[in-house]
Amino acid sequence: MASGREKAYSYLKDTVLTDPEMQGAFLSEQDIADRIGVSRTPIREALLMLAAEDLVELVPKRGARVAPLTGREIRELMELRGIVERYAAQQLIATDRAPVRELRSLLERQSELTGPDQAREFIAVDHQFHSTLVSVVGNALLDRHYDGLRSRQVRAGVVAVYNQQGRQEAVLEEHGAILDALAAGDAEVACAAIDHHLESTLKVLLAG
């Protein structure tokens, strides 16, 4: 059974921090404690953990604030994702291990989540699509490194979907292009499709 701190940490990271309306907002420890049924102590402990990851800011006399992603963080996130995902695509195509069936299944599932009220679930599947590509490489350290980007990746994805009408449909097309290149065993085209997808997301986020 998860401890109160673990429960609070997961709730804050996966639910509160990915809410577009909470970006830049101050958090009420008591409100969060009431929502998940724990005392304020594990909430404070979880906020300290998130502050250590630069996901929240602890402001003296005001409390914890959800730290919005800065332009620099967004650029660095997309740059790092590009390095990892291109490497994964190249490795999998070179060894004929691209997870085409799994990715196609995730893309089909994602295509059923196009309403604005399903944006967070849409982006959760979006992350699964990309993390599946990376995990099949079989490098545990790479997996751990990429998983460390998950919270920022999901936050950025949700904000992008909310920032631009039609972004969900564009994501599906971009994912489809990545999948087609993987299925064809064309590493150069796969890398170009990954770059296009990340650059498109970056533009939407920076346009704000």
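Leave aside the neighbours within four places in sequence, and Met78 is in contact with Ala156, Leu198, Thr201, Leu202 and Leu205; contact here means heavy atoms within 4.5 Å. This is a predicted model, so to speak of local features a pLDDT of at least 70 is needed, side-chain atom pairs count only at pLDDT 80 or more, and totals for chains, interfaces and linings use all residues. Residues are numbered from 1 along each chain as its sequence is written, and side-chain values use heavy atoms, with hydrogens and water left out.

Now for the core around that methionine. Met78, Phe122 and Leu182 touch the most other members of the largest nonpolar core, which has 41 residues. A nonpolar core is a set of buried Ala, Val, Leu, Ile, Met, Phe, Trp, Tyr and Cys residues joined through side-chain atoms within 4.5 Å. Buried means under 20% relative accessible area, exposed over 50%, and partly exposed in between (1.4 Å probe, protein chains only). Helices α4 (71-94), α5 (100-110), α6 (119-135), α7 (140-147), α8 (150-163), α9 (167-184) and α10 (187-207) each put in at least two residues, and α4 gives the largest share, eight. Helices (H or I, at least four residues) and strands (E, at least two) are DSSP runs, numbered from the N terminus. There is also a second, separate core of 21 residues, with Leu12, Met22, Leu50 and Ala64 among them.

Which residues of α2 (residues 29-36) are buried? They are Glu29, Ile32, Ala33 and Ile36. These four sit on the same side of α2 because they cover an arc of only 100 degrees around the axis, the arc being that of the directions from the helix axis to the C-beta atoms. They pack against α1 (4-16) and α3 (40-52). After α2 comes Gly37, with a positive phi near 75 degrees.

His127 is in α6 and touches Tyr146, Asp147, Arg150, Gln153 and Val154, not counting residues up to four places away in sequence. Gly176 is in α9; its C-alpha is 9.1 Å from that of Ala193, 17 residues apart in sequence.

Here is how some single residues compare on accessibility.

| Residue | Relative accessibility | Class |
|---|---|---|
| His127 | 8% | buried |
| Gly176 | 14% | buried |
| Lys61 | 91% | exposed |
| Asp96 | 72% | exposed |

Most residues other than glycine have a negative phi. Lys61, in the loop between β1 (56-59) and β2 (63-66), has a positive one, near 70 degrees. Asp96, in the loop between α4 and α5, has a positive phi of about 55 degrees.
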